[in-house]
Amino acid sequence: MATKAGPRKVAPSTPIMLDRERHLRFDLEALALIEEECGVDLLNNLSGLSNLPIKAIGSILWAGLTHEDAELDVDDPAERKVAIRRVRRMIGMDNIEMVVE
C-alpha cells in the first residue's frame, strides 16, 4: 500500500541585502560546498569558522546563495572562482557588519 508523501521539508533561509535581497540557506549541499572551498567541516567543527581568512566569507556566502541563483551554482572550478568573486563584490564597508553577524 502506497502512502501519500507529506510536505517536503526545506532548510530555512535568511534574507540578506547584498546587491538585492537574497536568501541564505545552509542546507547539506551548502555545507558540502563550504567544506570543498574552505576545507572546514562545519557539521563537526563550528569553531573552525573563527580561524578562516577574510576571503572565506565570500565562499561561505556563495555556498549559501547557490540554491536560488543558477549563475552562482556552477561546478567548473574556473566558473566557480568567478561566481565566488562576484559574491565577494556584493560585500562592502556599508554592509560588512550585517553580513558577518
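**View 1. Glu 36 and Arg 80 bring helix 1 and helix 3 together****.** Glu 36 lies in helix 1 and Arg 80 in helix 3, so the pair ties together parts that are 44 residues apart in sequence. Helices (H or I, at least four residues) and strands (E, at least two) are DSSP runs, numbered from the N terminus.

A word on the model: it is predicted, local features need pLDDT of at least 70, side-chain atom pairs count only at pLDDT 80 or more, and totals for chains, interfaces and linings use all residues. Residues are numbered from 1 along each chain as its sequence is written, and side-chain values use heavy atoms, leaving out hydrogens and water.

**View 2. Asp 69 forms a salt bridge with Arg 22****.** Look for Asp 69 in the loop between helix 2 and helix 3. The closest N and O atoms of Asp 69 and Arg 22 are 3.0 Å apart, and both residues are buried.

**View 3. Asp 69 also pairs with Arg 20****.** In this salt bridge the closest N and O atoms are 4.0 Å apart. Arg 20 sits in the loop between strand 1 (13-17) and strand 2 (21-25), so its pairing with Asp 69 links parts 49 residues apart in sequence. Asp 69 is buried at 8%, while Arg 20 is partly exposed at 40%.

**View 4. The side chains of Asp 69 and Arg 86 meet in a polar contact****.** The contact spans 3.5 Å; such a contact is a pair of N or O atoms within 3.5 Å, where within protein one must be able to donate a hydrogen and the other to accept it, and residues adjacent in sequence count only if both atoms are side-chain atoms.

**View 5. Leu 31 belongs to helix 1 (residues 28-38)****.** Leu 31 is buried, with 18% relative accessibility. Leu 31 and Leu 42 are 11 residues apart in sequence, and their C-alpha atoms are 6.7 Å apart in space.

Terms used
Buried means under 20% relative accessible area, exposed over 50%, partly exposed in between (1.4 Å probe, protein chains only). A salt bridge is a side-chain nitrogen of Lys or Arg within 4 Å of a carboxyl oxygen of Asp or Glu.
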